[in-house]
Amino acid sequence: MDLKEKLVSSFMAFEERVDVHSDLHDIRTNALKNFENKGFPTKKEEAWKYTSLNAILKNDFTVFPKQENAIEFNQVKKYFLHEIDTYKLVFIDGVFSSHLSSTTHDGIDVCLMSSALTKPKYKMVIDTYFNQIASKDDSLTSLNTAFAIEGAFINIPKKKVADKPIEIMYFSTGNEAALMVQPRNLVIVGENSHVQIIERHQSLNENPVLTNSVTEIFAQKRAIVDYYKIQNDNNEANLIDNTYVSQQQESHASVHTFSFGGNLTRNNLNFYHFGERLTSTLNGISILNEKQHVDHYTLVNHATPNCESFQDYKGIFSDRSTGVFNGKVLVEKEAQKTNAFQKSNNILLSDKATINAKPQLEIFADDVKCSHGCTVGQLDETAMFYMQSRGIPKKEAKALLMYAFSNAVIESIKIPELKQRITKIIAMKLGVNLGFDL
Amino acid sequence: MLSIKNLHAAIGDKEILKGINIEVKAGEVHAIMGPNGSGKSTLSAVIAGNENYEVTDGEVILDGEDLADLAPEERAHKGVFLSFQYPVEIPGVSVTNFMKTAINETRKANGQEEMTANEMLKVIREKSELLEIDRKFLSRSLNEGFSGGEKKRNEIFQMAMLEPKLAILDETDSGLDIDALRIVANGVNKLKSDKNAIIVITHYQRLLDYIVPDFVHVLYNGRIVKSGGKELAYELEEKGYDWIKAEN
């Protein structure tokens, strides 16, 4: 039985666990139908031209883990931003771990999707937002929607500033020979409110994992949302991240994607505009080696006037690693005075590394400022010589240059401890110790 | 200290240095002058170990050791310093952090302990005063957004920090106004001792009013065509390079 059949047939078992007489279940059933019709995407589809799921789908993934697995905090402390106090939503093999989590209902809700989906007091919020901005057409998003049951639920009412960052952590223990998980996150940030979120997926051993995650983010009027994704998983971990951001007027939403590891990572990042004078920021740093693969597939849909979007993706690829950047900016006819900028700068450190960069600008308004720039290059030899001539060995000089190359994106991280952590991961990834924190 | 013998160097198929001979002793200042395209910058790059150039014949010997097989950083660890005509911008890496890395890598290579943070601060304070550098400047990203003068002053600051045996200043005067030139030259003069040597590479005589050379060599078409004392620089300034070109 292939994975698609397995998933479709396991839906009946899933139905025994949920309330089938609810609007929510209609959504799930429709989503399953869409997935059943479409199946997993293949390289024949333009959007998946450079990323193949074939090899991964051959694994015999367990769809529902048989047992609950516990981990001690000390085993996983290093994955958290433990230097500062944070709210934590921690999931182990897809199951919530109250032991490792730190939730709240004090003024803001930082809690579980499973309770939000079932408790009457959240019904109105769920009816208003759940699956409202996520695609009903995309097969992988539909697959997630069909089985949506657990994940992070974050609801910040208006005029509230979340007093500390929120960490969403998905651990895989590897107790299953191969595991598929489908987290579902919903983030609602009310008018004039502010939240910072860090999301990370981490497997704790070498057994294959496939994560098909969907996150919906709603930024209301003048809300500020900063969302950071840390993708530094091991070489048997695969992640398909589908993130949908809905923005109202004068809101600022930013998503940073740090792709430093994992076998295959696909980021489908979509921004939709529903108000004027708002700003969307999509930044990314990818540093890959061995046979790692990352595919950034972004969409910014400018549908309203006077909005801005900024995309800045830096990629450094060595060994046989591959990168894809497919960035689409759609400026609708009504979206006059749009400022949309897109940059994808890449460095290839080996002859066998590849980057496929494809900017797509579709502009239907006539008074706009849009630009895109994709570059692919090698390390600047003069700069290398300059640093070496000061006594800095080749490897360290290379690391400094790559850091300098990624610097604009690193500087845009608003949480200082996270900035430090990211620079540390970069230094580790580049195998250097420079005697200072980069 | 430095002995360059019959040095030939090429970039690709093009031979640029065609048999250079220079002897530099500790405590000396040598000036190498010449028209554009004569091979001045190639000579400095080859001494510092730039791998874009191929040494096809001859040798560069520092304190009895042939530098041929040494990478640029290994030459630096042995005390060679090259001040760049066009210093490179490194965003996100402060001048201080860059110097920390450079100094500690050099110390590591020479089997010394890393410099403590306190020591480092002390040296930085001392050397920045020497070059009249504002301390705020040191926390800025290396060379990013620096004016031409700031870049050159920063090069000499790095020289002061690294205390090289042999310093090569490649067109350090280009892009400097007269005040910056004076500060840079004063810095260099204060760093001069009987234990180190300096090679000044320049197109114009102007810098040599401030850093007075013991010897002047004229490089033309890949060869040293004339050597003499500091008066040779004045003669060149007066007669122009056409004088040299006519004779060769």
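Q: What is the bridge partner of A:Tyr228 in S12(A)?
A: In this predicted model, the partner of A:Tyr228 in S12(A) is A:His256, where strands (E, at least two residues) are DSSP runs numbered from the N terminus, as are helices (H or I, at least four residues). Residues are numbered from 1 along each chain as its sequence is written, and chains are lettered from A in the order in which they are written. Local features need pLDDT of at least 70, side-chain atom pairs count only at pLDDT 80 or more, and totals for chains, interfaces and linings use all residues.

Q: What makes strand S10 and strand S12 of chain A a pair?
A: Two strands pair if DSSP finds at least two bridges between them; strand S10 (residues 224–231) and strand S12 (residues 252–259) of chain A share 8 bridges in the parallel sense, and therefore count as paired.

Q: Why are strand S2 and strand S20 of chain A called edge strands?
A: The open sheet of chain A has 10 strands in the order S2-S1-S5-S8-S10-S12-S14-S16-S18-S20, with mixed pairing; strand S2 (95–96) and strand S20 (369–377) each pair on one side only.

Q: Which residues of H3(B) and H5(B) meet?
A: Contact requires C-beta atoms, placed from the backbone, within 7 Å; B:Val95, B:Met99, B:Ala102, B:Ile103 and B:Thr106 in H3(B) meet B:Asn154, B:Gln158, B:Met161 and B:Leu162 in H5(B). The axes of H3(B) and H5(B) come within 10 Å and cross at roughly 35°, the axes being lines fitted to C-alpha atoms over the stretch in contact, with angles from 0 to 180 degrees between N-to-C directions.

Q: How many residues of chain B are in contact with chain A?
A: There are 26 residues of chain B in contact with 21 residues of chain A, and H3(B) supplies the largest share of chain B's side, 7 residues.

Key: Contact = placed C-beta atoms within 7 Å.
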